[in-house]
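Please examine the sequence and the structure shown below.

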Amino acid sequence: MATIQIISAKMYHVRVPLKRPFSTHLQSVEERESILIELMDVDGTIGVGECVAFTSPWYTEETVTTAWHAIEQWLMPLVVNQTFSHPNDLDVVMSTVKGNRMAKASLNHALWDIYSKKMNQPLWKLIGGVRRDIAAGVVIAENNFTNLVKEVEKVAADGYKRVKLKISTTSNVAELKEIINRFPHLQFFADANGAFSKDSIHILQQYDEIGLTLIEQPFGDEENLLSAQVQATMKTPFALDESIASYSDAKQMCQEQSGKIIVLKQGRVGGLSEALKIHHLAMEENIPLWVGGMIEFGVSKAFNAAFASLSSVKYPGDFSSADYFFEQDLASPPVQVQNGFFSLTNEPGVGVLWNHDIIEQFLIKKRVWNEKPRKGT
Ligand code: OSB
Ligand code: MG
């Protein structure tokens, strides 16, 4: 046990251009807005968090604006000038605020970072991680066949083990099959972001024969029964992403067999504490997990990587190097994937800090509670 006493906090709203647009059938993301969190304990220990809500509600209902409001107005007052013995304590306090899981996750993460520093252990070891090298995969959002082949060649040469392609009802299944055949050493995932419906089941079923490791979120996030019915007709496992917003959603997936794999995103489920509950469920139910990404900066990626050290995680996650989406990372040290693996820190905590010089270049606004000089400066 530790005593965590939060005496000051900072939140930053940033906007960073992507190197090139990231397009799915739902949305094209050209700039990544984000809310960055920094909490300080009475002994000067700093904890970092990142809120992964997007500018508009295309992926979940939260947005940067709603999350900023929720954190500033409702959640930060539950943190600043408060004392905790464990990060889970904060989840209990925050349960007085409904929903807003991405907003809550950013604060839960910052407390876990402080907690693990006080316990003098790297976060991944503290939560029971069993591996230090995390297998990395990338997402390629590209429809043109020639470009797609070039992209896959490039990421394979960079050492990534797994490629996730975005699909919709109008994607070319034959071309996808051709790509999978050309790269027998890579694992291929296909992410539909809920593009299919009861009218397009026959199109989805064509994907069963092309060598995919899994299909991510074929149907809408509330279409559990439809998903279960169609899963029963297909051998390719469904991995549910948007459908899993909590431990209880994960449990429902196991009971209804609407999917066979969970795509774990700590931001979407409300943080590491809730994610660990899902990990324990996955161990009990023998359900494999993998860790999904959301075009994040280094802090969020570092938390994702720490989670991926757990034994329930069975597939390479969405772990690209910082320079895959952005010119520079906002976190230090920047996330680096080498030979297809991301190596976890041996330092106490999550292992990264916000880089204030870089944040300054992309800052939109800032809010500070009880300004305190940073340690050593
Ligand atoms: O559906 O997995 C998704 C990005 C933003 C929001 C949702 C998703 C994604 C991706 C990219 O697929 C994952 C990444 O950051 O590498
Ligand atoms: Mg997805």
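Helix α12 (residues 298–307) is mostly covered, as 10 of its 10 residues are buried. Here buried means under 20% relative accessible area, exposed means over 50%, and partly exposed lies in between (1.4 Å probe, protein chains only). Helices (H or I, at least four residues) and strands (E, at least two) are DSSP runs, numbered from the N terminus. Among the buried residues of α12 are Gly-298, Lys-301, Phe-303, Asn-304 and Phe-307.

The model is predicted: local features need pLDDT of at least 70, side-chain atom pairs count only at pLDDT 80 or more, and totals for chains, interfaces and linings use all residues. Residues are numbered from 1 along each chain as its sequence is written, chains are lettered from A and ligands numbered from 1 in the order in which they are written, and side-chain values use heavy atoms, with hydrogens and water left out.

Helix α8 (residues 224–231) is also mostly covered, with 6 of its 8 residues buried. These are Asn-224, Leu-226, Ser-227, Ala-228, Val-230 and Gln-231. Their cover includes α7 (201–206), β9 (238–240) and α9 (247–256), where contact means heavy atoms within 4.5 Å.

Which residues of α2 meet α3? Pro-87, Asn-88, Leu-90, Asp-91 and Met-94 in α2 meet Lys-104, Leu-107, Asn-108, Leu-111, Trp-112 and Tyr-115 in α3. By class, this contact has 7 nonpolar, 2 polar and 2 charged residues. Ala, Val, Leu, Ile, Met, Phe, Trp, Tyr, Cys and Pro count as nonpolar, Asp, Glu, Lys and Arg as charged, and the others, Gly among them, as polar. The axes of α2 (residues 87–94) and α3 (residues 101–118) come within 8 Å and cross at roughly 155°. That makes α2 roughly antiparallel to α3, a term for angles over 145 degrees. Axes are lines fitted to C-alpha atoms, for helices over the stretch in contact, and angles run from 0 to 180 degrees between N-to-C directions.

Among the strands, 6 of the 6 residues of β3 are buried, so β3 is largely enclosed by the rest of the structure. Ile-46, Val-48 and Glu-50 point one way from β3, and Gly-47, Gly-49 and Cys-51 point the other way. Strand β2 (residues 28–41) pairs with β3 in the antiparallel sense over 6 bridges; two strands pair if DSSP finds at least two bridges between them. The bridge partner of Ile-37 is Gly-49 in β3. Strand β6 (residues 162–166) has 5 of its 5 residues buried. Strand β5 (residues 133–140) runs parallel to β6, and 4 bridges join them; Val-138 stands opposite Val-163 in β6.

Trp-58 lies in the loop between β3 (46–51) and α1 (64–75). At 16% relative accessibility, Trp-58 counts as buried. Trp-58 touches Thr-24, Leu-26, Gln-27 and Val-29, not counting residues up to four places away in sequence.

| Residue | Phi | Location |
|---|---|---|
| Gly-44 | near 95° | hairpin of β2 and β3 |
| Asn-370 | about 50° | segment after β17 (363–369) |

Asn-286 is exposed, with a relative accessible area of 67%, whereas Asn-370 is partly exposed at 34%. Finally, the peptide bond from Ser-332 to Pro-333 is cis, with omega near -10°.

Definitions and conventions
Parallel < 35°, antiparallel > 145°, perpendicular 65-115°, else oblique.
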